[in-house]
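Q: Please take one part of this model and go through it closely. Where do its residues sit, and what do they meet?

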Amino acid sequence: MSIDSPVTTEGFIELENKYGAKNYKPLNVVLSKGQGVWVWDIEGKRYLDCLSAYSAVNQGHCHPKIIQAMIDQAQKMTLCSRAFRNDQLGLFYKELCEMTDSNMVLPMNSGAEAVESVIKAVRKWGYKCKYIPEGQAEIIVCNNNFHGRTVTIISFSSEPQYKDGYSPYTPGFKLIPFGDAEALEAAITPNTVAFMVEPIQGEGGIILPPEDYLKKVREICTRKGIMFVTDEIQTGLGRTGKMLAEEHFGVQADVTVIGKALSGGAYPVSAVLSNKEVLGVFHPGDHGSTFGGNPLACAVARVALRVLKEENLLDNAAKLGSYFMENLKKIKSPYIKEIRGKGMLIGVELFVEAGGARKFCEALQEEGVLCKETHDHVIRFAPPLVIKKDEIDWALERIDKVLTMSL
Ligand SMILES: *Cc1c(COP(=O)(O)O)cnc(C)c1O
């Protein structure tokens, strides 16, 4: 077996195809470097990244401050486990709570793990505080949701492909239509512990709910005494122009899950935030994670949060996101059915007759713009929030070209 590194794009693709599980269908671009909004492939070609690793690199690729903090912390201590305390964790908690207006944090690693943690927390809260009969707790979620890939989470997915072949599924979940407050009201029973929802459905195709939806949801959850849980793993941390997307709708959830950009893409860090007693149900030994809350993760997350603030990335996402969307709407393309979004999270839905978003993403790749189709017919534009106006103009020129050519 040769240990020589392949030097060509084809060589790397061949290696992945030969040895890797094929649970993704990536564009055939082999990246080796990123800086800010730009990434480079191994042939030296430069691209504007319009995906931001599904909104994990809101602060831009290899942000110098984040990378420096990561190096500094890595040279001091990376992991000591929660069996001991570390000098980063408390500061991380405090700064995160202040920035998100929360009062308790549970640190985890991946988004799915944080969602799993919420499921455990609200169930326990239901049994211990609402005295729901053991085994009966129900959580209400929405059709077209995306909350991660674990067995329990895909058990309440409405996407057949996410579930196919993975049974038996975890019971205890009820699906209702997204954006329909009356359906929520009707679905609640005495055994309901929580309603979990994305303020804007990301993987579902950048779907915005009716303006007053979350306000109604807030009112219903309060009145019925159930936990209102928002999954802001994708919409949070500046992506939509606010720290949390819930702020657009004038509500505060009881529990919020964040991840992705919490580390600026440097390291997996996620967290459950709560405004209520729900995280208080955990006692020593009830739940845990070897890596959750490790000093490296905390140091990286602390600076990633600071960068959002210092560089005004929320305002930038709001202002330039609107600019981006307005100008996308000016493109006269026979393929575009609808353009929608909030801040720097924008979806361009194509007509089915356009033949799928994939080939447009491939054409954009040729032009130096990297993006990814979500579902079959939506192209998501979600560049790092450090993007500048002239870079958006640069992208718009190329998007215009691709969406007006015959493919
Ligand atoms: C990405 C995402 C997740 C899952 O996060 P992972 O880190 O991939 O486990 C959950 N919810 C939403 C809304 C997401 O966008």
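A: Phe178 is buried in this predicted model. Lys216 sits in helix α9, which covers residues 213-224. The relative accessible area of Lys216 is 38%, so this residue counts as partly exposed. Asp180 lies 36 residues from Lys216 along the chain, yet their C-alpha atoms are separated by 9.4 Å.

Now look at the rings. How many aromatic pairs are counted? The count is seven. One of them joins Trp38 and Trp394. Their ring centres are 5.0 Å apart and their planes make 80°, so this pair is edge-to-face. Trp38 belongs to strand β2, while Trp394 belongs to helix α13, so the pair ties together parts 356 residues apart in sequence. Trp38 is buried, at a relative accessible area of 10%. Trp394 is partly exposed, at 21%. Phe178 and Tyr213 make another pair: centres 5.7 Å apart, planes at 75°, so again edge-to-face. Phe178 is in the loop between β6 (173-176) and α8 (181-187), and Tyr213 is in helix α9, so this pair links parts 35 residues apart in sequence.

Charges meet rings too. The charged end of Arg46 sits over the ring of Trp394, 5.9 Å from its centre. The charged end of Lys33 sits over the ring of Trp40, at 4.4 Å from the ring centre.

Next comes the sheet. Four strands form an open sheet, in the order β1-β2-β3-β13, with mixed pairing. Strands β1 (31-35) and β13 (369-370) stand at the edges. Each has a single partner strand, so one side of each is left without a neighbour in the sheet. Inside the order, β2 (residues 38-41) and β3 (residues 46-49) run antiparallel, joined by three bridges. Val39 stands opposite Tyr47 in β3. Helix α13 (residues 389-404) packs on this sheet and touches β2, β3 and β13. The direction of α13 makes about 100° with that of β3.

Move on to strand β12, residues 345-350. Is this strand mostly covered or mostly open? Mostly covered: six of its six residues are buried. In a regular strand, side chains alternate between the two faces of the sheet. Both faces of β12 are covered. Leu345, Gly347 and Glu349 are buried on one side. Ile346, Val348 and Leu350 are buried on the other.

What does β12 pair with? Six bridges join β12 to strand β11 (residues 336-342), and the two run antiparallel. Lys342 stands opposite Leu345 in β12. The hairpin of β11 and β12 has two residues between the strands, and there Gly343 takes a positive phi near 60°. Strand β15 (residues 378-381) also runs antiparallel to β12, with four bridges between them. Here Ile346 stands opposite Phe381 in β15.

Finally, step back to the domains. The domain assignment gives domain 1 as 42-59 + 312-352 + 364-407, and domain 2 as 64-310. Their centres, taken over C-alpha atoms, are 27 Å apart. The contact takes 28 residues from domain 1 and 32 residues from domain 2.

Notes. Residues are numbered from 1 along each chain as its sequence is written. This is a predicted model: local features need pLDDT of at least 70, side-chain atom pairs count only at pLDDT 80 or more; totals for chains, interfaces and linings use all residues. Side-chain values use heavy atoms; hydrogens and water are left out. Buried means under 20% relative accessible area, exposed over 50%, partly exposed in between (1.4 Å probe, protein chains only). Two strands pair if DSSP finds at least two bridges between them. Contact means heavy atoms within 4.5 Å. Axes are lines fitted to C-alpha atoms, for helices over the stretch in contact, and angles run from 0 to 180 degrees between N-to-C directions. Rings of Phe, Tyr and Trp (its six-membered ring) pair if their centres lie within 6.5 Å; planes under 30 degrees apart count as stacked, over 60 as edge-to-face and the rest as tilted. A charge sits over a ring if NZ of Lys or CZ of Arg is within 6 Å of the ring centre and within 35 degrees of the ring normal. Domain bounds come from an automatic or database domain assignment.
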